[in-house]
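This report examines a structure of several chains, and it begins with the chain lettered A. Please consult the sequence and the structure while reading.

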Amino acid sequence: MKNAAANPDLSKFLVIGALLFIIGVAGVLTRRNIIVIFMSIELILNAANLNFIAFSRYLSTTGSANALAGQIFTVFVIVVAAAEAAIGLGIVIALYRNKETIWVDEIDLLKW
Amino acid sequence: MFKYIWLVPLLPLIGAAINGLFGRKLRFSERLIGGIAVGSVALAFLISVAAVYSYGFGGHPEWPKPYLTSQDGFSFNWIPGGAVSVNPRAEAAESPRFALLNIEWSYQLDPLSSIFMLIVTGVGLCIFVFATGYMHGETGFYRFFAYMGLFMFAMLVLVMGSNFLMMFVGWEGVGLCSYLLIGYYFDRQEAANASRKAFITNRVGDFGFALAIFGIIATFGSAQYVDVFNQAKSFPIELLGHWGILSWIALGLFIGACGKSAQLPLHVWLPDAMAGPTPVSALIHAATMVTAGLYMVTRTNVIFQHSQTMLLVVALVGAATAIFAATIGITQNDIKKVLAYSTVSQLGFMFMACGVGAFVIGIFHVMTHAFFKALMFLGAGSVIHGMHHEQDMRRMGGLKKYMPYTYWTFMAGWLAICGIIPFSGFWSKDEILWNAASTTHIPLGWIVWLVGTIAATCTAFYMTRLMAMTFWGRERFLEAPAGGEADEAHASAYDKGLAPHDAVAPSAGDRPRHEPGEHVGPVHEDATHHVASDGHGDHHGAHTPHESPASMWVPLAVLAVLATLGGLVGIGPAFRSLTGTEHPGGRVNIVNWLNPIIWNPATREFNAPEGAHEAAVPAETAHGETAAPPVAEGGAEGAAEAGHGSATAVYGDTGFNLAHAVENTTHSELATEWIFILISLVVAGIGMLLGALFYVWRPALAGIWSQRLRPLYIASYNKYWVDEFYGMAVTRRTMDLARAVFRFDSGLVDGIVNGLAWLSRQFSRIVGAVDKYFVDGLVNTVAAFIMRLMSPLFRAAQTGFTQNYALVMVLGLMIAVAVFFGRDILAVFQR
Amino acid sequence: MTLSGYEALFFWIFGLAAIFAGLLTVMARNAVHSALFLISSLVSVAALFILSRAEFIAGVQILVYVGGVMVLFLFVIMLVNVGAEERGSEEIFNNQRQVAASLIFCLLLVGGMLYAINTGFNGMKARNSTPPAVVEAQEASRDQAHGASATGSSRITKDTESVGGSLYRYASLPFEIASVLLLVAIIGSVMLARTLKQEASVDDVDPGIAD
């Protein structure tokens, strides 16, 4: 264990990724400000990226031929995250124009 | 050429179809319609003439063998049948078409059908031409000719068919067309009544006919003439008092003939049928349809000659009808009714001929009757037309100078029907009476002769009366208006406030609508009486009778020539000193022509051509001998001499024979024949003289004698109340039965049904109540309970708050994790 | 891939920084603060990427993610958020029930994930255990294959080159699709953010009519 702490390997990366993920999920579920919710979503995506890269590193050390797949995947995740952020913020702007609010609990048109 | 006889029925049918289907829609002109109709019949006539000529006289004459179109393939298998349980005798027959009852649609050309073909198409052609003139101006012109064409088709199928079923099809078809044509003025009450009466009375006869056909098929196993008659000729003869299967068949056939040919007691429809247009009366009720019964009886003469009882029945019914109708005709005032009763009477004569065994003479009389009766009907039509649709003879008179063509042609018909030599009626009527007197087929021949002679006297009397009242004497129409809207029917309808076409009066025959002022004769004094209710009152002025156009009198002339000369094809054996042979003219002589289809009971074969003949005086064998019927071999020339004399031996002792009695006195058959000829001429002359006396020289006598013989006059004028009797006994009782059955049905049966319906309704009410209160209550309670229970819960889940939904997603993720790793996770804690 | 020495130290520093910054992102009152904390979290993660020998991805992360997406976030915050929480009176967390439920779920998730990682990694290690000496030798040989860097303390990596090669050779289709995706995103965002007046002037529709 001491060795593990001094020499962190794959599992530590994954733990960090998992923690970031959980924090992001908690942010999505608990915050009222819609922008902050979006930022939490970015956290989640980031955690996933970390996971990919960690595995990519691990696989390259254990000699798998597919080591770069993780990095390739990460590129695409970043692309998608960027696109999604752009669209999502556009929606936020439109929503703000219509409802003049950024608090999500005031947007409850689906309430019975 | 006779291969193409199948075209003969087809052409009028095509013409009728074109006229009927397109006549109104495409608005054919009268000329076109008339042209199509007349053209189709003319073409059919020409083909018939060519066919008969090539059949009988051409290069390779088929006569006397019957020619069937199926021999050349112009036929089709109409009713392909299965096996029929046949008479075992039938299986032994030679005909190959036998194991299955196959009904084919093929036409037969043989001596009998050829004569009828020519009569139907020839006289029909004259009548069609006449009708184009008579029906001018009618809106239903196309309909008339469509029905007439259809009638021609049906009649030709009847006479040209090769089996009994085709005859029945034609039978029914002419009945239908008779209905359609009598009811041509369908908006007139009495025309509608008359057409219904005709059809229903015919139907009674058809019932008997149909039973007879069933009997024929059951007995002989086939319906084709050639098959049936080839078998029938070897059946045993059923003498008087013995009633066998052939007598039953003959009875059924005769009932059919009574219906179609208006014999007692089914004669009642023919006088009423005069409500149809006059060409219809001429064609259907004088020349063709009513003779269908004769055709049928002659066609099946084998069967009739096998049943002496039926021959007697036929002769007696014919005689009774002849005298019955003749006595009624004496007192009728409507010109068409007189001719109608005359037709009934003459048909009686024809059946008399058949009954005494002289079938050929019966057909001969059909032919001559067609000529002179059609002539007289058309002449009457011409008179009616010229008198502006006046039919009552009491308002005619002196027309001979107004309508000369009509007058002279009518005179030819009058002389023919009275039986004056050398007009056609003489030859046939005289032969009938001679055969009645000398018959050895049935007993009581002398009674038949006597009744026939009296009827001939009456015939001469009333026909002369008709001539006198119509053409000679005072012009009675100048004294009071006649025709058009001035006649009785219109007046009576007007009095009752009805429209003229609701006219129901005995003299209201075929009349199209008339404008006020249309009549013959002087203008009425009380002009307001007969003016139509619209109050116009402008009179067009009275007309005088006028001669008919050429399209009407030319056919009259043609028929007059035929009525004058047509009898020469049947010059009888009495004239053999002049002509050299018994039946002069070889094949043209009708007796020689028709003989091969007549079965000879002595030889038990059909007559050989130019061989045995029917009308011979009994030969050397003495009468009164009862000898067993000889079982003769096939027809050989040796049977020629046997002829009538063997008939005696065949039918047993037939009692007193008038001709034999006379011959025994004079010891010369020639003298005997001439005596009878003279008797018939004398009685005809007596009738004519009496008619002239009563209606030309001393008109007052008519009134005096009708007073003196008042009961007889009333009986005759009211047609012996036969119609009233039928109405009381048959029609009203049937209606009563119908009403009773209806009451039963509506009361009991409908009551049951309605009661069940009422029960169902009550039941459904109960069920409905149960459903509404119990079931629905249950459902509502349960649903309401659930709703009140669950609704807030479900509603609470719909917060509209997105993060709640995200929370649920996370919850789902956790459940997935738990599902996949739950066991392992728990294992960790258990360690 | 065991890290050791300086690498381990930097790993712990940047790892904890990332987690801490993430936590603060979620808990900050001011949205701008949240954004800045997120930026720092992203940068830390980029450092972790470098530790994982994925230099190219780290660069992309910083350029695109931080330099593009976060700047966009800041712009939007400025557009919609100014003055919302500065007074400090607005509640930033949802109602209690929601927060409680979220925390419970997150804790459970944490437990589950940690367990999974642990078990999985141990299992994986058990299966593909190459002796550490061999691994060291392989790493060393791989390092030797690269050229020396400017400072001499590490090797110039060929990460960019290999990623580029893979991307354009084996993943070219997804690459193109991703570019189309970006195009669609551009169009979409332009459309979404139009004002009513802009929409009406394009469609020639009366701006008074609500679409």
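## Chain A

Of the contacts in chain A with a separation of 6 or more, 50% join residues 24 or more positions apart. Here, two residues are in contact if their C-beta atoms, placed from the backbone, lie within 7 Å. Chain A holds four helices and zero strands, and its elements follow the order α-α-α-α from the N terminus. Helices (H or I, at least four residues) and strands (E, at least two) are DSSP runs, numbered from the N terminus.

Among the 112 residues of chain A, 59% are buried. A residue is buried if 20 or more other C-beta atoms lie within 10 Å of its own, exposed if 12 or fewer, and partly exposed in between, with C-beta atoms placed from the backbone.

## The model and its numbering

This is a predicted model, in which local features need pLDDT of at least 70 and side-chain atom pairs count only at pLDDT 80 or more, while totals for chains, interfaces and linings use all residues. Residues are numbered from 1 along each chain as its sequence is written, and chains are lettered from A and ligands numbered from 1 in the order in which they are written.

## Contacts between chains

The contact of chain A with chain C takes 61 residues from chain A and 74 residues from chain C. On the chain A side, helix 2 (10-30), helix 3 (34-61) and helix 4 (69-99) are the elements that give two or more residues. Helix 4 of chain A gives the most, with 21 residues. By class, the chain A side has 42 nonpolar, 13 polar and six charged residues. Ala, Val, Leu, Ile, Met, Phe, Trp, Tyr, Cys and Pro count as nonpolar, Asp, Glu, Lys and Arg as charged, and the others, Gly among them, as polar.

Between chain A and chain B, 10 residues of chain A are in contact with 10 residues of chain B. The side of chain A that touches chain B has seven nonpolar, no polar and three charged residues.

## A pair of helices

The axes of helix 2 of chain A and helix 1 (residues 6-27) of chain C come within 9 Å and cross at roughly 5°. Helix 2 of chain A is therefore roughly parallel to helix 1 of chain C, since angles under 35 degrees count as roughly parallel, over 145 as roughly antiparallel, 65 to 115 as roughly perpendicular and the rest as oblique. Axes are lines fitted to C-alpha atoms, for helices over the stretch in contact, and angles run from 0 to 180 degrees between N-to-C directions.

Residues that make this contact include Ile16(A), Leu19(A) and Ile23(A) of helix 2 of chain A, and Ala18(C), Ile19(C) and Val26(C) of helix 1 of chain C. The contact has nine nonpolar, four polar and no charged residues.

## Helix 4 of chain C

The buried residues of helix 4 (residues 96-127) of chain C are Gln98(C), Ser102(C) and Cys106(C). What covers these buried residues includes helix 2 of chain A and helix 30 (802-830) of chain B.

## Confidence in chain B

Chain B has a mean pLDDT of 82, and 85% of its residues reach 70 or more. The pLDDT is the predictor's confidence in each residue, from 0 to 100. Over residues 530-541 of chain B, pLDDT stays under 50, and over residues 611-646 of chain B it is below 50. Where pLDDT is low, the predicted coordinates should not be read in detail.
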